[in-house]
Amino acid sequence: MTGFLDNVLNGLALGAVYALVALGFVVMFKASGVLNFAHGSVLLLGGYLIAVLHDDLGFAGALALAVLSTAALAGALDRFLLQRAGQDEQAAHIQTIATIGIDILIFTDLARRIGGDLLSLGDPWGDAVTELGPVTVADSRLAAIAVSTVVIAAVFALFRFTPWGLSLRAAAEDLEAAALMGVRLRRVRALAWCLAGGLAALAAVFLAAFPAPGLERTTGQIALHAFPAAILGGLASPVGALAGSLLIGLTEALVVGYESDLHVLGDGFGEVAPYAVMLLVLLVRPTGLFGAKGAARV
Amino acid sequence: MSERLLGLLRGRPARTLLLAVLLCLPPFYLDAFWLRIGLFSMAAAIGAVGLSLLSGTAGQLSLGHAFFLAIGAYGYSYLASDPGPGLPPALAACCAVLLAGAAGGLFSPVAGRVKGIYLGIATLALVFLGHHVLLTWDSVTGGFNGRSVPPLTLGGFTFAASDPELVVLGVPFGAEERLWYLGLALFAFTWFTAGGLLRGRPGRALAALRDSETAAAVMGVDVARHRAAAFVVSSMYAGLAGVLLALAFRRVVPDYFSLALSIDYLAMIVIGGLGSVAGATAGAVFVTALPLLMTRYADQLPLVTAPGSAEGSLGPTEAARYLYGAAIVLVLLYAPDGLHGLARRARARLARRRTPSGGRNPEASASATSAPSSASPSSPAEPAAAAPRSKEHTP
């Protein structure tokens, strides 16, 4: 039983981190219709900056600087590179594939710098653990859940209560109508990308913290698990991203936890379990759990 | 006389024949390194043409191409060798292609319903799940170390270094030379079948489906059947490419068939220009040859050092990756119709220069009469440029 509780708590923590990344995917998709394949590399950049800077600036300073840098980078990529291709749906497909090229550029550079090293981010939790009744949890995991909850609540409040959030929702609903009502599409888009970039740097902290060994060049690829999370919830739905992330996190933790019982599926099935879950969901609901089934206009 | 000869040379069949003869020459002049580049390029081109049919013409984004390549490669090496049924290699190759097609068909419940970016990520799942299966199903795939690939034999002729020994015009024919002609034959087969598919009814149905599903359905295109068929055909080309790759590598390992390979194929068709056979081929050659050439000529390039030299310097692999990533971004943002579109525009400009009074160009007047509803051309040169562009999907 304690084993089960352990796994569930692990899964929730993992899901909370995926939610930060998946929410980034959703925000960018809502604003621009682009699925950003470079998001994993932006995340890796955030982690790398923290790892390099935390000696001089302290953890908090490094984190703040990293969040600002990745936000600026993501915003600039969108504003000065992707938006050249235009705003409509056809352009969104082209931009999606262009992000693959951007990903290759950023990742190659970071991989060259990181090499085979394991970088420590100098986070304040270290390897401390807390006893919660019958289960033992790493402090970093609890921090992941707490921070993600606060940040995600703040992002939802942004959507709901700020003029920018209103513009974003309007643009996602109908691009042309929003533009006619005076929504500055370019600015709304770029800001959405900034927000997603910042969230990615934050997620990097928890992906590299204990019990993970540290920041590696492959950390960005772990973030790819947020793809199924975002898709499974419905790409245009922030609530869906949240639900999808928790589902994916729990699945992964449970499959890893009960690996010995699931031996039929082979070693390391936890790595690919998110994708299996996503395929099953898409078979039943082709636009995800919370995705709107758009009516075709003739 | 000479004018007639020139006219003959300009004809399409003559040009194709000339190209075919030129492509048959390299084994007599180039060494194994260049032949291998050519071989990998041909295999990649076959796969890229398949993906181009699916993503370019039918508009179904697929990141799962590596999975179908893997089925072709592993299918062949399992079916043709000893821990396995041990079929005659030629039969095993055909079966591997059919197997890849069947896998594509099995995926059609998803492919028929899921659209756009959702389909892209769903096919991503295939790559990860497939990679997992390749790693764990030891008895068939050989696990992490993969399995060796038996050479192809066709009626007593083996596509390997010997058996029978072969010297043509003083050039000893080893594995690369023989496989070159096999690859060429398979590529020609792909070129003509895919071209025919695109020009014929299925190609037009798929293009209609991409532009508007509702409109296509109203015109009598069976949506679900065509979407599934596009997936099956594309997987079969991928399977064929997988067989050829396996023969060229002589050993298949799971790590080769990763997400990076799928992305490479997507990059090929995007750099080449979506929905055209020639574009897919050009993109395949570019993406395949670039890293190999960079590695070979690393010491002669500025700013690039030989592999394994000082720490923190720019190695050839990284340099190739930079160029590759930059090429994707630049092509997409500045020439969204790829190399194929660039070539077409250059040709249109040349044609315009040859006929200074663009308005009297027969092609231009034909396009003007066929589209009477369009506004009067703002400049006489414009219809000449627009006319080729309207034939968007001819290879």
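Which residue takes a positive phi near 60° in the hairpin of S1(A) and S2(A)? In this predicted model, where local features need pLDDT of at least 70, side-chain atom pairs count only at pLDDT 80 or more, and totals for chains, interfaces and linings use all residues, that residue is Gly133(A). Residues are numbered from 1 along each chain as its sequence is written, with chains lettered from A and ligands numbered from 1 in the order in which they are written.

The hairpin has 2 residues between its strands. S1 (129-132) and S2 (135-138) of chain A run antiparallel and share 4 bridges, pairing being called when DSSP finds at least two bridges. Helices (H or I, at least four residues) and strands (E, at least two) are DSSP runs, numbered from the N terminus. Across the pair, Thr130(A) sits opposite Val137(A) of S2(A).

Turning to the contact between chains, 33 residues of chain A meet 30 of chain B, a contact being two C-beta atoms, placed from the backbone, within 7 Å. On the chain A side, helices H3 (89-114), H9 (226-233) and H11 (269-284) each give two or more residues, and H3(A) gives the most, with 11. That side splits into 24 nonpolar, 6 polar and 3 charged residues; nonpolar covers Ala, Val, Leu, Ile, Met, Phe, Trp, Tyr, Cys and Pro, charged covers Asp, Glu, Lys and Arg, and the others, Gly among them, are polar.

As for Leu244(B), once neighbours within four places in sequence are set aside, its contacts are Met42(B), Ala43(B), Ile46(B), Gly183(B) and Leu186(B).
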